[in-house]
Amino acid sequence: MGLTVVLIIPLSMGGLTVLQLATNVIRSTRRNCISSIHKPAAKCNNKTDKKHNKMLHQLPIYASGEIVRGFGRGSKELGIPTANLSLDVVKSLPESLHTGVYYGWSNVNNGEVYKMVLSVGWNPFYNNKEKSVETHMLHKFDCDLYGQTLKICIVGYLRPEKNFDSLDDLIKVIKSDIEQAKTLLDQPENRKLREAPFFSANISKC
Ligand code: ADP
Ligand code: RBF
Ligand code: MG
């Protein structure tokens, strides 16, 4: 299925490494496995559908970077903490990675790999001015993870970002994203990606 091998050689640059910037996004040729949820290419009949479909076929996408501070709302307001990647990493992601909600695998400092859900975009409910890439791992951590290295493998797409009438509605939908992610990641084709060498490859910092 052609996973790209990750070679990350560090050169110092503001917490991230230069080659990390070039290599922190790694794509494979594997076809996205949620075509049952989305229209297959043959049925796409407008430009937006075609672009969206093209993006889905680029998954999985691998990325990594330091966990940085955001507004602190995930844990305080939603009860759903999200590990945020720095703006450098957000900008280095392929433009074809549309804003929206995704599911996949992630680990911290090469540790155990957990299921995750991911939000990419401007959080329309909060009308953020900066694009964010935020990972909620389906695991209870005992301490905070700021400054540690997060690795993510974006496996599939769930839905576009939305605005909501209330915080409760946003929380309900995120909880339903989490349930969907749990089920989708148990599919054998997706489960295999948990074992990707990417998750144990060394990314050293200068
Ligand atoms: P911020 O706005 O600074 O990202 P959040 O309220 O979203 O703050 O909380 C995120 C932080 O919570 C993460 O950076 C990490 O240190 C910690 N955290 C604890 N458990 C998790 C988890 N399961 N998934 C993601 N982050 C977690
Ligand atoms: N924010 C939105 O404004 N609209 C959304 O549809 C939305 N969906 C999300 C789905 C998931 C799985 C996660 C983890 C976050 C989502 N967020 C969304 C982002 C959320 O507002 C953000 O994580 C918190 O504001 C904390 O930064
Ligand atoms: Mg967060």
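## Glu134 and its setting

Glu134 is located in strand 8, which spans residues 132–137; strands here are DSSP runs (E, at least two residues), numbered from the N terminus. The model is predicted, so local features need pLDDT of at least 70 and side-chain atom pairs count only at pLDDT 80 or more, while totals for chains, interfaces and linings use all residues. Residues are numbered from 1 along each chain as its sequence is written, chains are lettered from A and ligands numbered from 1 in the order in which they are written, and side-chain values use heavy atoms, with hydrogens and water left out.

Glu134 is buried, a term for under 20% relative accessible area, with exposed meaning over 50% and partly exposed in between (1.4 Å probe, protein chains only). Glu134 has no salt bridge, that is, a side-chain nitrogen of Lys or Arg within 4 Å of a carboxyl oxygen of Asp or Glu.

## Partners of Glu134

The side chain of Glu134 forms a polar contact of 2.8 Å with that of Ser132 and another of 3.1 Å with that of Asn123. A polar contact is a pair of N or O atoms within 3.5 Å; within protein, one must be able to donate a hydrogen and the other to accept it, and residues adjacent in sequence count only if both atoms are side-chain atoms.

Apart from neighbours within four places in sequence, the residues in contact with Glu134 (heavy atoms within 4.5 Å) include Thr82, Asn84 and Asn123.

## The magnesium ion

The magnesium ion, ligand 3, is coordinated at 2.2 Å by Thr82 (O), Thr82 (OG1) and Asn84 (OD1). Donors are N, O and S atoms within 2.8 Å of the metal (3.2 Å for Na, K and Ca), and sites may look incomplete because water is not among the atoms. Thr82 is partly exposed, at 28% relative accessible area, whereas Asn84 is buried at 13%.

## Ligand 2

Ligand 2 is surrounded by 18 residues, each with a heavy atom within 4 Å of it; the closest are Asn123, Phe125, Glu134, Arg159 and Lys162. Oxygen atoms of ligand 2 lie 2.6 Å from a polar side-chain atom of Glu134, 2.9 Å from a side-chain N or O atom of Arg159 and 3.1 Å from a polar backbone atom of Pro124.

## Ligand 1

Around ligand 1 there are 20 residues, of which Gly70, Gly72, Ser75, Leu145 and Tyr146 come nearest. An oxygen atom of ligand 1 is 2.6 Å from a polar side-chain atom of Ser75, and a nitrogen atom of ligand 1 is 2.9 Å from a polar backbone atom of His139.

How values were computed
Helices (H or I, at least four residues) and strands (E, at least two) are DSSP runs, numbered from the N terminus. Lys and Arg count as positive and Asp and Glu as negative; His and the chain ends are not counted.
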